[in-house]
Amino acid sequence: MLRPLYLFNTYALLPLALLLLLLLRLKRSNDLPAFRPGLGDLAMVLFVAGALASILFEGESHVTTLKNLTELDRVFLVPFAAFWLVRVSRIEEPQLAAWVPILAGLCILEAVTGALGLLLPTALPRFWPGVVIEMGGLRVTGTMTHPDGYVAMLVLAATFCFHFLSSKPGLPARAFGSGLLVIGFSAGFVSFSRASWIGSAVALGLLATAYRRRLAIPVMAIVPAVVLLSHLPTGAARVRVGPGSSGAGTTAPSQSTQVDRKSYAIERLGNSQTVADRVVLGAAGVKMFLDKPLLGWGFGSYDRHARGFIERTGPFVPSDWDRYQAASHNSHISILAELGIVGYACLAFPLAWVLVRSARALWYSKVDRLLITLWANMAFLVVISMSIDLRFLACTSGLAWLILGLVAVRVERHERPC
């Protein structure tokens, strides 16, 4: 019953909103801020055109062609629409400030849901993911289906709230903003995703360049919280026993370790199997790219061809999962393999172009805390994109392009004549 609504929201809502906004601009061009397409926008159009051509001329079955067209819409056209919506409507700091109550609620919701999924899963509906144990060990996902997407939402909500609340007069607002930052980054730690741990550290490092002493107290709270959570025993997390446990919902310690009191975080750090998988699969993707470096193997073709390139890589021996089930774990290698250096260059150019302009804006002006906060979120997403393929996380991919759109608008504000 709700599936049509889901399909509309997933595949059509943002493109239609962009179309309506563009039509509105044509009708009321004098009343709306100017929008000037640039080289980055052209590169995005060329990327879509190249991907579309590769799908239509790949010679696959109608079913595969339709699947690839749908995937192109979901993981690129919809996120691109989010980027252009922000740019055309020129969402700036006053409009972003209105998001604070929603983002504060989202930060608390994700943290609480993550804690329930980890320690009291029966408090959540039976269909709720809460935690997943199929990805190299238990991972907390909050309201999302993937731990890195969960942390991405926490980082976004916590950093935005901290930016706007820490500059308000009065101790309560500043304390609340700092508290949300502590909650967001501490809850993100129990995702037990090493990529998210690194990404969060990079994001905090960038924030420190802008907020300095203002960030000191939150960091002094985050560090002991993370140290405390890192001592969570392997057997402490609880998962439902049996498929779709009933009302009372029996639970048991995860990982079949009812007496295991070792730190689960330390166990995650020492898990070398997922590293081996990523090395083997990454090497296979690189070999695919080197075999067809210019235009690649065609959009959506990675999973069909990469397994033919899987072999032992140094000391890392492919597992059966690598040979028969695994998909890409690196967004950049996936695009290089499927669309070659031409497609990858078109996709990467908007990010590189906005980065160069941001550096120039920050060099010639006083510290722009909002711009650095936006880049802290982008840095987090770039880090996790090295470990997972964001195409499988359409929500996170859309978040990346939304943030890049906000960065572009902020940079254009610096470049406008006073």
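The model is predicted, and residues are numbered from 1 along each chain as its sequence is written. Local features need pLDDT of at least 70, side-chain atom pairs count only at pLDDT 80 or more, totals for chains, interfaces and linings use all residues, and side-chain values use heavy atoms, with hydrogens and water left out.

**The overall picture**

The protein chain holds 17 helices and 4 strands. Both are DSSP runs numbered from the N terminus, with at least four residues of H or I for a helix and at least two of E for a strand. Of the 418 residues, 50% count as buried. Here, buried means under 20% relative accessible area, exposed means over 50%, and partly exposed lies in between, with a 1.4 Å probe and protein chains only. Contact means heavy atoms within 4.5 Å. Among contacts between residues at least 6 apart in sequence, 75% join residues at least 24 apart.

**The nonpolar cores**

A nonpolar core is a set of buried Ala, Val, Leu, Ile, Met, Phe, Trp, Tyr and Cys residues joined through side-chain atoms within 4.5 Å. The largest one has 93 residues, and Phe47, Phe76, Phe80 and Phe192 have the most contacts inside it. Helix H7 (residues 147-166) gives the most to this core, with 14 residues. There is also a second, separate core of 6 residues, and Met288, Ala306, Ile333 and Ala337 are among them.

Leaving aside residues up to four places away in sequence, Phe47 touches Phe76, Phe80, Ile335, Leu339, Gly343, Cys346 and Leu347. Phe192 is found in the loop between H8 and H9, and it counts as buried at 0% relative accessibility. The phi angle of Phe192 is near 55°, a positive value in a residue other than glycine.

**Helices and their neighbours**

The expected span of a helix is 1.5 Å times one less than its number of residues. Helix H17 (residues 394-415) has 22 residues and reaches 31 Å from its first C-alpha to its last, close to the 32 Å expected. H17 is mostly covered, with 16 of its 22 residues buried. The buried residues of H8, including Leu180, Leu181 and Phe185, pack against helix H6 (100-119), H7, H9, H10 and helix H11 (264-269).

Helices H9 (residues 194-211) and H10 (residues 213-229) have axes that come within 7 Å and cross at roughly 145°. These axes are lines fitted to C-alpha atoms over the stretch in contact, and angles run from 0 to 180 degrees between N-to-C directions. Leu204, Leu207, Ala208 and Tyr211 in H9 meet Arg213, Arg214, Leu215 and Ile222 in H10.

**Aromatic pairs**

Rings of Phe, Tyr and Trp (its six-membered ring) pair if their centres lie within 6.5 Å; planes under 30 degrees apart count as stacked, over 60 as edge-to-face and the rest as tilted. A search of the whole structure finds 13 aromatic pairs.

Phe83 lies in helix H4 (residues 62-89) and Trp401 in H17, so their pair ties together parts that are 318 residues apart in sequence. Phe83 is buried at 3% relative accessibility, and Trp401 is buried at 9%. Trp297 counts as buried too, at 18%. Ring pairs also link Phe47, Phe76, Phe80, Phe83, Trp84, Phe299 and Trp401 into a cluster.

Two charged residues sit in the loop between H4 and helix H5 (93-97): Arg90 and Glu92. Arg90 is buried, with a relative accessible area of 12%, and its phi is near 55°, a positive value in a residue other than glycine. Glu92 is buried as well, at 17%. Not counting residues up to four places away in sequence, Glu92 touches Val409, Arg413 and Arg416.
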